[in-house]
Amino acid sequence: MPDNIPETGDVVIHSSGSHEAQSFAIRAVPGPDQFGCATRGEAERMARTCAKRSGVDLWFSEGPSGFTLLAHSQ
């Protein structure tokens with residue numbers, strides 16, 4: 001599997017809305033959004049905790065197919 005996309009179980013933060021009214025949601029792959037956050041910082045703190053606890057990678061996405069790895073599982 002390519003190393004630039006999330007694998008099953010990984011945690012993804014994705015942004016939605018306009019630049020002025022941006023919001024962030026957290027989900028596990030595959031699956032629906034599980035948490036909503038008002039700021040990216042809040043989303044990253046929550047998602048990092050979830051990913052670390054589960055031993056999976058953490059990703060950020062601003063679109064349906066563009067992913068940036070934020071934290072690699074150890």
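Tutor: Helices are DSSP runs of H or I with at least four residues, strands are DSSP runs of E with at least two, and both are numbered from the N terminus. This model is predicted: local features need pLDDT of at least 70, side-chain atom pairs count only at pLDDT 80 or more, and totals for chains, interfaces and linings use all residues. The chain holds one helix and five strands, and along the sequence they follow the pattern β-β-β-α-β-β.

Student: How do you know how compact the chain is for its length?

Tutor: Its radius of gyration is set against the globule rule; the radius is taken over C-alpha atoms, and the rule is 2.2 Å times the number of residues to the power 0.38. For 74 residues the rule gives 11 Å and the chain has 11 Å, so the chain is as compact as a globular protein of that length. The C-alpha atoms fill a box of roughly 35 × 25 × 20 Å along the principal axes.

Student: Why are β1 and β2 called a pair?

Tutor: Two strands pair if DSSP finds at least two bridges between them. Strand β1 (residues 11-16) and strand β2 (residues 23-28) have six bridges and run antiparallel, so they pass the test. Histidine 14 has alanine 25 of β2 as its bridge partner, and serine 16 stands opposite serine 23. The two strands form a hairpin with six residues between them, and glycine 17 in the turn has a positive phi of about 90°.

Student: What makes up the turn between β2 and β3?

Tutor: Six residues lie between these two strands of the hairpin, and glycine 31 in the turn has a positive phi of about 155°. Proline 30 is also in this loop, and a cis peptide bond, with omega of about -15°, joins valine 29 to proline 30.

Student: Why is histidine 14 called buried?

Tutor: Buried means under 20% relative accessible area, exposed means over 50%, and partly exposed lies in between (1.4 Å probe, protein chains only). Histidine 14 has 18%, so it counts as buried. Five of the six residues of β1 are buried, so this strand is largely enclosed by the rest of the structure. Over the chain, 30% of the 74 residues count as buried.

Student: What makes the approach of histidine 14 to aspartate 33 a polar contact?

Tutor: A polar contact is a pair of N or O atoms within 3.5 Å; within protein, one must be able to donate a hydrogen and the other to accept it, and residues adjacent in sequence count only if both atoms are side-chain atoms. The side chains of histidine 14 and aspartate 33 make such a contact at 2.7 Å.

Student: Is glutamate 44 buried or exposed, and how do you know?

Tutor: Glutamate 44 has 17% relative accessibility, so it counts as buried. It is in helix α1 (residues 40-54). Leaving aside neighbours within four places in sequence, glutamate 44 is in contact (heavy atoms within 4.5 Å) with Ile13 and Leu70.

Student: Why is one set of residues called a nonpolar core?

Tutor: The name is for a set of buried Ala, Val, Leu, Ile, Met, Phe, Trp, Tyr and Cys residues joined through side-chain atoms within 4.5 Å. The largest such core has 11 residues: Val11, Ile13, Phe24, Ile26, Cys37, Ala43, Ala47, Ala51, Val56, Leu58 and Phe60. Two or more residues come from each of β1, β2, α1 and β4, and α1 gives the most, with three. Beyond neighbours within four places in sequence, isoleucine 13 has contacts including Phe24, Ile26, Ala43, Ala47, Leu58 and Phe60.

How values were computed:
Residues numbered from 1 in each chain as written. Heavy atoms only, no water.
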